[in-house]
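Please examine the sequence and the model shown below.

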Amino acid sequence: MTSRSCDRNVITGPALIPTLGPEAAVDYKGPSESVKKQTVHTYIQLSVPCRLVPALTAGRKVKVKAQHSEREDVEDLVMFLQNGRLLVLLLFLFGAIGLCVSICEITLGGKHVNCKGEKLDYIPQDLSEELEYLDFSYNIITHLVSGSLSRYPYLHTLNLSFNNISRIENGSFEVNFLLRNLSLFNNSLMEIPASSLESLTGLQILDVSNNFYKFPTLSEEFTTLVNLQELSIGGPLVSCILRDDFRVLRNIRLQKFSLKTKSSLENYEPGAFSELNTEILWLDIALDGNSSLLPYMLMDLAQKNLTTLRFRNLFEFSYYEGALDIFSFLPAIGLRDLVFYRGKFNENLLRQVLQNVQISNIKNLQLLSIDFARSLNANKSDGGINNLTLQNLIIQDVTNPDILRFDWTFTWFSQVIHLSIINVNFNFVPCDAWGEMTNVVTLNISGNRLLASYLFNSLCTLNILPNIHTFNISNNQIHSLKTISRLTANWPMLTKVDMANNFIGSLNESCVWQNNIKTLILTNNLLTVDVFQCLPITLEYLDMSNSQLDRLNMKYFLQATNLTELILRNNKIKFIPTGWQSPNLQVLSLEGNSFGVIDQGSFENLNQLRSLTAGNNPYHYTRIEFFSPGKLECDVRLVVAASVSVTAFIVIIFMLLCYRFDVPWYLKATWQVIQSKYRSKKDQETREYAYHAFISYSYSDADWVRGVLLPRLENSNPPYRVCIHERDFLPGRWIIDNIIENIENSRKIIFVLSHNFVNSEWCNYELYFAHQRAIGHAFEDVILVVKEKVSMEDLPKRFCRLRKMLSTKTYLEWPLEENRQPFFWVQLKSILGKGSQSISGQENISLVTETVTVVVDGSSEESLTMTQNVISTCLVVEYT
């Protein structure tokens, strides 16, 4: 899907050339006299967005803006337009309809937009309002104005790198609260736009590096970016790092922090890096003229929770010749990974690094694309590196192979587990090098210029690698498979050999291999049928793809009884022999070859075959009789009908089972338990309450409350302290005071809803006071227990609060079925939380249920009757 938001339309005419712009703009170039005199030298530029073309052609008014530095020239131009000349120019607009070209790639229904490299100087305003991802890199935007992104409140990722942005107005991101990833890399910002970013509290990744500000100081606005995980700052003009530059990051836990400075840092104030709180630190800092600053930086990183430290161009233009050990504080940092990318290294600097690494906790060291050269006064007598214990040592893309024996030995490999020497241009391995790799488990020497004869020397007695499991010699110049088999003859643990992208296969050889080799990769070689007599017969996986193989040797597959996966794609195999036997072969890939016939007996004896791919072959006759598909396999309509029928049958059975065993009810109840437990943990309060719950109920439901609800709560372990008016209201106090006080002294309020509750005036009062309390707390304090089903029609209009809660709040229903009742108690107790010792007050006393007999005279009886109405069933009074 592509966009129609193209202001980059081309409307041609003798004096009409469009430009880019969010609204129609009229400009002119050339001498002002040309416009005033309206001579043939007049040059007018008019840009009209596609969305304005219908309005112009329909005769509606459209705003036209003239841009020029000379006011009088603009006024003359406006007069020119008002005199009717514009009508002539607008004739060309009819050609604009249909000439609007697509400039942005739009996918996912308008949520992802890619406008990369379209030379736009503004952000289009006619994209989808549901836009989430916008790549606007490699354009020509010079500034962001307030509200330029206000149409896109759902924007999640915004890439504005490689523009020319020098100014960002406050309010540019005022509605983009959902923005998580913002890149302003490689622009022209003269300062870090902190005030513009202050509202982006959800921002996780921010890159404002490689701009033109001179100071990397982060202002107080960055304290609001509490969710920040990755931050990149700095640029080619940053010459100093000051003590308080990163102070605002002290309480923000970053995953990654990157800093770039000018080619030679001039000053570093001790303590600057001590404010950082990050796991990964990337420093693009050159110290050619001030190498003594590095110890202060490393000192500030000591005792930090730093796991990865990466230097880029540590010495950009010169080699370090000083005697000071500038890495002396490296062991004090709890690093796991250390990376050097680019920059100049000599044996002196490399030795300093390795000597400090071997006494540190560093387990992974990478030397990538560094420029290594020996010093003119290199000393062979310096001690070797004998205790460099590393999990991974990667030396890659180094043009000078002298780095491998920088100290004239290979002792620094002796304690390495996984060793990678990739694209270092070495073409042979000395005997003493093999002797230092006895602890290597994985050896990757791909991408070099190695010949097999330079790898193996029959006079070497030290090429025994007792621990190696994986050997990768891909992308070299290996011709002989036999020589590799002789090289690995004393590697008893070897299981995988990768020889892809070599020149293997042209020699007729016989080989003897270790019995443990299970995986062999020979893709992109020059294989012939003779290669099969030099393959290990213990293989389980064999890849011979893209190797010009034209025939197969079936005898090999009879011997290779462990082979389970064979990849032969993209070769030149012209014939599949009959009676192919490979007892354990499960996966066979034959696509992209040259055979045109598959005989009926080709795969008949491959009893374990589970996957066969043989497409992209020039078939002209195919007969596989041992596989006889039925009508169902060949008719897509039957397959679809059968699939739909089976699926529908399973769904119906599942629905019936769910209905029979009340599965939806149990799922709903379980979900409510989980939600209530989460809320109870989230809303823990430090205040102490007298009761765990206040129960509001009608007198008609008192038997259920006293006989069922109270025993369950007060006899649980730990018990709940519950307030009910019959027992816990203070005699002699006004009923309203009792209600208010006990509701305030209860953590939760339980309403037992029934038809009798609805008809109770006092229950409405209790509901009102609970609602007032919820204003200062939360409606999670209110628990609705529906004892009898109450519909909205049953509720009088005066119960507006109850209506609202029933329509917006999840409530508990008392199930009549006994098998559902245990779930009801689990739900209720999960909402109440655990009974705790934080509830103040005395233990509950037993509920008094005796009938009180009061003998009164006639006048007293009338007075008592009024009191009874007020107390609302606090006591059961029997008159005699």
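## Interior of the predicted model

Helix α6 is largely enclosed by the rest of the structure, because 9 of its 11 residues are buried. Buried here means under 20% relative accessible area with a 1.4 Å probe, protein chains only; helices (H or I, at least four residues) and strands (E, at least two) are DSSP runs numbered from the N terminus. The buried residues of α6 include L349, L350, V353, L354 and V357. Among the elements that cover them are β18 (337-341), β20 (364-368) and β22 (390-396), where contact means heavy atoms within 4.5 Å.

This is a predicted model, in which local features need pLDDT of at least 70 and side-chain atom pairs count only at pLDDT 80 or more, while totals for chains, interfaces and linings use all residues. Residues are numbered from 1 along each chain as its sequence is written, and side-chain values use heavy atoms, with hydrogens and water left out.

A nonpolar core is a set of buried Ala, Val, Leu, Ile, Met, Phe, Trp, Tyr and Cys residues joined through side-chain atoms within 4.5 Å. The table lists two such cores.

| Core | Size | Members include |
|---|---|---|
| Largest nonpolar core | 162 residues | F273, F327, L338, F340, W580 |

Not counting residues up to four places away in sequence, W580 touches residues including L552, M554, F557, L588 and F603.

Notes
Buried means under 20% relative accessible area, exposed over 50%, partly exposed in between (1.4 Å probe, protein chains only).
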